[in-house]
Amino acid sequence: MLDTSCTTPSVLGVAIPSPLRRLFDYRPDGPAPTDGWQPGLRVQVSFGRRQVVGVVIECRDTSDLPLDKLKPIDARLDDAPLPADWLWLCRFTARYYQHAIGDTLQNAMPALLRQGRSLTPRTRERWTASHAARGDAPPELSRAPRQAALLDMLQQHAQGLVTQAVLAQSFTREQLKALVNKGLVERHEEPMTGGQQPQGAVLAEPALPLNGEQAAAMARLHAGLDTFHPCLLHGVTGSGKTEVYLQLIEAVITRQRQALVLVPEIGLTPQTLERFRKRFQCTVVALHSGLTDNDRLDAWEAAASGRAPIVIGTRSAIFTPLARPGAIIVDEEHDGSFKQQEGLRYHARDLAIIRAQHHAIPVVMGSATPALESLQHATAGDYHHLRLTQRASRHAPARLELVDLRGRTRQGGLITPVLEAITTTLNAGHQVLVFINRRGFAPTLACHACGWLAECNHCDAHMTLHRQPPLLACHHCDHRRPLPDACPDCGSADLRPLGSGTERTEETLAERFPDTPVHRIDRDSTRRRDALEQTLTEVRRGEPCLLVGTQMLAKGHHLPHVNLVVVVNADAGLYASDFRALEHSAQLLEQVAGRAGRSAHPGRVLVQTLHPDDPNLRLLAARGYDALAEQLLEERRAAALPPFRYLALLRLESPAEQDVSSLAESASTATRAFIEQSELDIDCLGPVPAPMERRQNRYHMQIMLGADKRSRLHAACAQLIAWMEAEPGARRVRWSLDIDPQTLS
């Protein structure tokens, strides 16, 4: 429960943006807010030598310090507290992820609120024809033809027009003001985002007809609109999951509530926004890292006030306050981008479930390749398992065809039979997607004379060869250096690229198919604003072309004219040290395969591999992701790994190897002593070097804790954090605790 308001408290417990896991006591000075001091009010305070913006969390009459020793509040920034549902979620997040509450609040609010800006929307003018202007133009406008034309235009728009739209038609402000003075036009001020809403029907275009499976899923969702109703919408690629989302949102808006939709990547946001705005006659706002600070605050405020019935965003949008929450949708729920990997290491999907439970509303998690955690919850009956097995095109999803790479010559990573299949597909007028999850021209540069490999000076990693522009780059620390003229070890000039990346495959295909456009889509080629959307718009026109891309192309994009998908190398994730690597690799392969054959023609997927006899890869190719996931769940159960056990990972790093190893040993010893004294069933594994021990000239080590109950794990984590904060040696080492880690790197 949040602390209730207190008109004249003696002490305010304030969350300060810092890594310290505590509140700081201040003395309220000056007049109290109209409704008294409450949790959620922002204040400006002195913290050390800085002035910072903090958030009141507690109002009380006592402090561990004498009241006359407390610093006063310098300024109160709000008359009303920030939204209560937002504050509740932040407090839960800080507790569950064992993170500082002040830093959690900083991560969860827009930048302008962190800087002290008020939560008031920017406004704009809207002009409408008045009741007195109905019918023909008044006689007094006979000598003012431009005013008459302006009035006629406004009469044709019942909802009125904003100033920018009026000026775009070559009218002026003076003409608008003249009509206002004559009582023919009215001026209204409205918020910049989520302003005047259309009256009447919710939909701008009709919903699509549902097949039997979609209708059954919708019936289940309709039955639980007023309850916490977790559903796993498990549908093959192209099965119409988005249409189910849209019709659920229609039901939510009809009930005067709001829907929050989470998507995994910023690249999917424009595509999703366009589809939602075409369907609905209401404000749809987006929240993602590509917005300006002003636009982000406007969207946040529109959602908090209830003016925006639909909110779409990436991971951080889970912290968007909603005035009337009605449903939460997590699209591609398996995607790793929903897990924040730095700072506050939260998982947006898991917080979506907690938030839906708090509000007693349905939450829908959609995927063709659900995470094993979600599948286990569905199997255990914790989630409703809604299956969509049919594609809208009525073609079965394309199965993987394994292509043996052993002993075959490759051109840009591709062998001759695959190049012939690409030729056949292009000649038939279709498009081809070539998937290679490596940026650059080649994974590294090698000396053919002595075997030297280009290695990063700051990381235990090879440097990637790039041709555009020509250089060597480390994709872990972003260190770059020019290409050498000769081998630094033996002086030989015979330096050759080793392996293939997107640039090399693009170059090979452009030489092989000179009359066919080749579009490369990776992080390097899409840095320019809207570059990805412009490329995809060109691809959707349907002319034969080749797409070369990384996993950016595997996430939810509808490419109806792609009939052949080629996976250049499927082996990268098969034998990695992380126990989740096979799960993630299988999801990626299945998602990439899902881009093929989404319209009238069946698709084909060719997967090049050096291990065509690998039993896991053969099972995935023969029976699909669901069969492999079932097997992986049994292996996880036998090995006592998630989702059958809960993990936390302590990461430590320092430029001094001795500092990090010494602290890691001491921390593990202290943790084992606590476990033994408490007689808790908890595993403490490590310390061990991280999979990449040296990164950015810092040495990394890890300690893993595992337990079969969350409460036991959190008790051990709390003790470990307290020990680390009290240990002097920890001040020389950067460390973080990751609850429910999704990767061991």
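The model is predicted: local features need pLDDT of at least 70, side-chain atom pairs count only at pLDDT 80 or more, and totals for chains, interfaces and linings use all residues. Residues are numbered from 1 along each chain as its sequence is written, and side-chain values use heavy atoms, with hydrogens and water left out.

## Overall shape

The protein chain holds 20 helices and 30 strands. Both are DSSP runs numbered from the N terminus: helices are H or I with at least four residues, strands are E with at least two. The C-alpha trace spans about 90 × 75 × 55 Å along its principal axes.

Of the 745 residues, 54% count as buried. Buried means under 20% relative accessible area, exposed over 50%, and partly exposed in between, with a 1.4 Å probe and protein chains only. Contact means heavy atoms within 4.5 Å. Among contacts between residues at least 6 apart in sequence, 75% join residues at least 24 apart.

## Strand pairs

Strands of a sheet pair through backbone hydrogen bonds, either parallel or antiparallel. Here two strands pair if DSSP finds at least two bridges between them.

| Strand pair | Bridges | Sense | Source |
|---|---|---|---|
| Strand 3 and strand 4 (residues 50–60) | Six | Antiparallel | DSSP |
| Strand 3 and strand 5 (residues 75–76) | Two | Antiparallel | DSSP |
| Strand 18 and strand 22 (residues 495–498) | Four | Antiparallel | DSSP |
| Strand 28 and strand 29 (residues 698–707) | Eight | Antiparallel | DSSP |

Strand 3 (residues 42–47) is mostly covered, with five of its six residues buried. Its residue Ser46 has Gln51 in strand 4 as bridge partner. Strand 3 and strand 4 make a hairpin with two residues between them. Gly48 lies in that turn and has a positive phi of about 65°. Toward strand 5, Gln44 is bridged to Ala75.

Strand 18 covers residues 444–447. Thr444 and Ala446 point one way, Leu445 and Cys447 the other, and all are buried. Cys447 has Leu495 in strand 22 as bridge partner.

Four strands form an open sheet in the order 28-29-27-30, with antiparallel pairing. Strand 28 (682–695) and strand 30 (734–739) are the edge strands, each pairing on one side only. Neighbouring strands are turned by 20° against each other on average, direction ignored. Axes are lines fitted to C-alpha atoms, for helices over the stretch in contact, and angles run from 0 to 180 degrees between N-to-C directions.

Within the sheet, Ile682 has Ala707 in strand 29 as bridge partner. Helix 19 (residues 657–678) packs on the sheet and touches strand 27 (646–654), strand 28 and strand 29. Its direction makes about 165° with that of strand 28. Helix 20 (residues 710–726) also packs on the sheet, touching strand 27, strand 28, strand 29 and strand 30. The direction of helix 20 makes about 20° with that of strand 27.

## A helix crossing

How do helix 12 and helix 18 cross, and at roughly what angle? The axes of helix 12 (residues 372–380) and helix 18 (residues 625–639) come within 10 Å and cross at roughly 85°. That makes the two helices roughly perpendicular. Angles of 65 to 115 degrees count as roughly perpendicular, under 35 as roughly parallel, over 145 as roughly antiparallel, and the rest as oblique.

Leu372, Leu375 and Gln376 in helix 12 meet Tyr625, Ala629, Leu632, Leu633, Arg636 and Arg637 in helix 18. By class, this contact has six nonpolar, one polar and two charged residues. Ala, Val, Leu, Ile, Met, Phe, Trp, Tyr, Cys and Pro count as nonpolar, Asp, Glu, Lys and Arg as charged, and the others, Gly among them, as polar.

## Two buried helix residues

Ala303 sits in helix 10 (residues 293–305). Ala303 is buried, with a relative accessible area of 0%. Beyond neighbours within four places in sequence, its contacts are Gln258, Ala308, Val311, Thr320, Pro321, Leu322 and Ala323.

Val166 belongs to helix 5 (residues 163–168). Val166 is buried, also with a relative accessible area of 0%. Leaving aside neighbours within four places, Val166 touches Trp127, Leu150, Met153, Leu154, Leu161, Phe171 and Leu176. Val166 and Met153 are 13 residues apart in sequence and 9.0 Å apart, C-alpha to C-alpha.
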